[in-house]
Amino acid sequence: MSESTQNSTIDPEDTIKILVASDIHLGYNEKDVIRGDDSFIAFEEVLQHALENDVDAIILGGDLFHIANPSTNTLNRCSRLLKTYLLGDKPIKLEFLSDQNENFLESLNKTVNYEDPNMNIAIPVFSIHGNHDDPSGFGRISSLDLLSTNGYVNYFGKWTDLTKINISPILLKKGETKMALYGLSYISDARLARLFNEAKVFLEKPEDAGWFNVMVVHQNRADRGPKNYLPEKSLPGFLDLVIWGHEHDCRIIPEENPNKKFYVSQPGSTVATSLAEGEALDKCCGILSIHKSLFRLDPIHLQTVRPFIFESINMAEYHDELGLDEGDVQQKMQNFAAEKIEDMIKRAEAKLTGNQKQPKMPLIRLRLEIMDIEQQFNAIRFGQQYTGRVANPQDMIVFKKKIIKAKDELKPLDKDALLEAYQNQREATANRAEEVVDRYFKEADADKQLELLYSKSMSELTKRMVDYEDDDAADSIVKFYERQVLNHLDGQVVSEENIDEILEGFRSKERETYNDMLKMLDSRNQKGPPPNETSRSYAHDSDEDIDYKPKANSTSLFAPPSTTTTRGGRGSRGGGRGSRSTATAATGSRGRGRGRGRGASNSSDSKIDSFLTHTTKPAASSRASSRNISKVVYISDEDDDE
């Protein structure tokens, strides 16, 4: 049981056995009559494997839920599954050695759930949050907070300060094996990359030797552009194993990082949330066995996952065979597609495992790369003939236009233009919907600017609709501005000659009005950013991201190991949120133009240096500081590039 082999003489009483899974996405497509149960069926199988393998704990890599505010149906079904499989009289053999006030800062009882005498936990679950189930909405409560409050899940890996990140490990011991579990819930990849580059990520490492160090993260692993992923080399070399959530393609077999020499296991998702090629790989969870400094991870192929077949075909390879330049092109394409679909349905049948709970109707995705738009046919109408045979007849086929770029003479690079483009690149998620809206109004001509609404209101509206699914935001914002304008006009003598001047007076107070609008949105007790937890100014004129800052940072204190094993249990969580919680600053003074070409300057164009603050109480250590801890400041070294 090492990086390669297992010693048959290893004592199971000294072996920590953990079920590892990630990206469960409970509630995905739950209203679909065909696919609505898929996420729950797969999750139940994961819990069954934990029970059958008599594991000591379950580790989840984030995205337990598909959305941050899951429906009551999803919460109920999740709670029923957890109650069915996690509660019981089985003794817990894991000793909890670290300071629980530090590990579960915002927990109800500040304890791991199996040490809560009011709970009867048989299998403890430790989970970070992902980008789908991060804290959001009124009060900034995560769905994992609810499970933590109910005692089902130990929610860890939280962060409260986005200017620096301190990660205190959960220290667990079974027999002679000691495991340090580090967790980092989802953070915007751009922000996290900046924190690593600025050496502002701190991991607290026990000074005494013999700890097996496991870290759970939920970030982009694949290189999706500069500052849009977490490079493995950024993580500290003292780690032994990284459990990587967020990526849905299953690469659960540990892969050694050649630079840092730790191993990375990517469990992937348990349900297909998109019809991408990576989702068509077999879905797995795994059993992680740790004995002192040795480990092994055995994959378990899930038997209840809906069969999914993906195929991509370049039609240029069939151009002559099908005679696509000889007329009746669309009919030839449909005949070709029908033949391929039938073959894919047969291949999907081979993925049926015989499990009674496995959905039988397959997911099919055929991607056709075409050279000419005339080769494209009505895919929705074509798919109707497969209703009842395929789970997704309406989007079985997608067309991808293959673009052929003509060769051109090589031209020298415009270094000045390249430098300017680099300097203008935003560190924050520049392709987020609200950023696109904000850039539109910043770069739009004067005659395309809004006359009464502050442009940042449209950015805020976009963010709430996309990130929080707040469908009422648009109506609330429009009605709010309508009331404000009418209140401004009330009592004034308005004529055609002075209307522009009067409305200019309203626009001069746009920032004050915008702040009032945000407070109005928060007061609805719906989705959206939290109310004023501390002194908070909503206006922000900097291109820097708004940060959450705590009043104080507490130092982690670790106690000596306990000599007895207790049972029971509940933990809780506290925490920050993912990229959707970090509002992006937008601004700048800008001119406004009206229909007749009159320009109006913004009178409130002074910079407002404000920070969105999240306040937490410093944890009061309940255990003595008899265990020495060394704080490791990890800096990503350039020497590790090669």
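1. A friendly place to start is strand E13: Glu 255 has Val 264 as its bridge partner there. This is a predicted model, in which local features need pLDDT of at least 70 and side-chain atom pairs count only at pLDDT 80 or more, while totals for chains, interfaces and linings use all residues. Residues are numbered from 1 along each chain as its sequence is written, and side-chain values use heavy atoms, with hydrogens and water left out.

2. Val 264 is also the partner of Val 242 in a bridge. Strand E11 (residues 241-245) runs parallel to E13, joined by three bridges, whereas strand E12 (residues 251-256) pairs with E13 in the antiparallel sense, also over three bridges. Strands here are DSSP runs (E, at least two residues) and helices likewise (H or I, at least four), numbered from the N terminus; two strands pair if DSSP finds at least two bridges between them.

3. E12 and E13 make a hairpin with six residues between them, and Lys 261 in the turn has a positive phi of about 70°. In a regular strand, side chains alternate between the two faces of the sheet. Both faces of E13 (residues 263-266) are covered, with Tyr 263 and Ser 265 buried on one side and Val 264 and Gln 266 buried on the other. Buried means under 20% relative accessible area, exposed over 50%, and partly exposed in between (1.4 Å probe, protein chains only).

4. Now the open sheet: six strands in the order E5-E4-E2-E1-E14-E15, with mixed pairing. Its edges are E5 (154-155) and E15 (294-301), each pairing on one side only. Strand E1 (residues 16-21) pairs with E14 (residues 284-291) in the antiparallel sense over five bridges, and Ile 18 has Leu 288 of E14 as its bridge partner.

5. On to the cysteines. Zero disulfides (pairs of cysteine sulfur atoms within 2.5 Å) turn up in a search of the whole structure. The sulfur of Cys 284 has its closest cysteine sulfur in Cys 250, at 3.9 Å, too far for a bond. Cys 284 is buried, with a relative accessible area of 3%, and Cys 78 is buried at 0%.

6. Lastly, confidence: pLDDT is the predictor's confidence in each residue, from 0 to 100. The chain has a mean of 77, and 73% of its residues reach 70 or more. Over residues 426-430 the pLDDT is below 50, and this stretch has 15 contacts (heavy atoms within 4.5 Å) beyond near neighbours in sequence. Residues 525-642 also stay under 50, with 381 contacts beyond four places in sequence in the model.
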